[in-house]
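Visitor: Please show me the structure under discussion, and let us then examine it by question and answer.

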Amino acid sequence: MAHLPPNTAIFSPSVARAAASAAKDWSFVDAWLHNKFHSVGRSPPPFERNADTLRVLLALASANEAADEERLLVSRLEATVLQELQFQDQARQHHDNKDGVATPTASGAREAILASVCDNLSREGTAALDAMALLAVNSGLAFATPADLGRRMTDLAGRLNELEQTEARVQVLARYLEGEVRRAGQLADELREDGYRPANDLAKQNLEAQRKIKTIAARLPDLREKVTALAGSVGVSGLTIEQIRREEEAYLALLAQKKGLDTQVKSFQGLPHDMDQARQELENLRDDLRRITQRRDAVFEGLVERETPRKPTRRS
């Protein structure tokens, strides 16, 4: 009813009650907006006044007041705890002054707070805190944050997956080696059953093969020097790999051109070697082609006339 003029007369009691309630709500909202904007040195902006706007503003004001009350309670609790800690520190200092022993008050307060937090944790919270502490210790993180622990957990999961895949590959290789060993044992058993015996001079052959290998290995430097010398002499004479490649490409191009010319020459095969006779024979062949073409056209026209139906003539 906020859109009604103030001088409008309301005859219905229910409408009057609704208008009064809306006016009361708008008064509360206006006071709340004025208080909030006045604290920052501004005035509330203009807005449309309707039922939806009033409902939203009332909900916002209620949530804001609840948050303010909760923050006030937290601040009061912190102030009370601070006062108690200060009182305990003063009492401890007074006691230490009497006994002549100085103790760190900050560390004691910190330990008391940590002990109180640990005592009031639930079983799940204690387990979670122990797990985070163990992860931080194993990771070597002095001041661990949840983000650091999460990254560490992700890295550990990646390494675990990689190790699992490596273990699977090693197991496959181990199974393959076991199969090869088993097949080698079976082959050895079969050879023993067949009466196979190694040659008597097998050791001598092995020594001879090793001697040949050593001899060839000793000759390798000389062979490399000879190859280098040959390569240098080839380069000095002007014959290089690039030149050989270009010559080969030119040869292949000439070979392709020769094949094309051979194809053109085959089309003139059978003509006389004399140019005049060859020209005369070519003209004769052209005359034969013209006669055959004329005959074909005549046969085609005869077929068309024969197959075309004729219209009957009218008699006058």
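**Contact between two helices**

Visitor: Which residues of α4 meet α5?
Guide: This is a predicted model. On the α5 side, the contact involves L149, R152, M153 and L156. Their partners in α4 are M132, L135, A136 and S139.

Visitor: How many residues of this contact are nonpolar?
Guide: The residues of the contact of α4 with α5 include 1 charged and 1 polar. The nonpolar ones number 6.

Visitor: What is the crossing angle of the axes of α4 and α5?
Guide: Helix α4 covers residues 123-139 and helix α5 residues 146-193. Their axes come within 11 Å. The axes cross at roughly 70 degrees. Angles of 65 to 115 degrees count as roughly perpendicular, so α4 is roughly perpendicular to α5.

Visitor: Is the crossing of α4 and α5 left-handed or right-handed?
Guide: The angle alone leaves the handedness to be stated. The crossing of α4 and α5 is left-handed.

Visitor: Why is the pair of W26 and F47 stacked?
Guide: The count comes to 1 aromatic pair. The ring centres of W26 and F47 lie 6.1 Å apart, with the planes at 25 degrees. Planes under 30 degrees apart count as stacked, so this pair is stacked.

Visitor: Which element has the lowest mean pLDDT?
Guide: The protein chain averages a pLDDT of 78, and 82% of the residues score at least 70. Among the elements, α5 has the highest mean, 87. The lowest, 70, belongs to helix α3 (residues 105-120).

Key: Residues are numbered from 1 along each chain as its sequence is written. This is a predicted model: local features need pLDDT of at least 70, side-chain atom pairs count only at pLDDT 80 or more; totals for chains, interfaces and linings use all residues. Side-chain values use heavy atoms; hydrogens and water are left out. Axes are lines fitted to C-alpha atoms, for helices over the stretch in contact, and angles run from 0 to 180 degrees between N-to-C directions. Helices (H or I, at least four residues) and strands (E, at least two) are DSSP runs, numbered from the N terminus. Angles under 35 degrees count as roughly parallel, over 145 as roughly antiparallel, 65 to 115 as roughly perpendicular and the rest as oblique. A crossing is left-handed if the near helix is turned anticlockwise from the far one by less than a right angle, and right-handed if clockwise. Contact means heavy atoms within 4.5 Å. Ala, Val, Leu, Ile, Met, Phe, Trp, Tyr, Cys and Pro count as nonpolar, Asp, Glu, Lys and Arg as charged, and the others, Gly among them, as polar. pLDDT is the predictor's confidence in each residue, from 0 to 100. Rings of Phe, Tyr and Trp (its six-membered ring) pair if their centres lie within 6.5 Å; planes under 30 degrees apart count as stacked, over 60 as edge-to-face and the rest as tilted.
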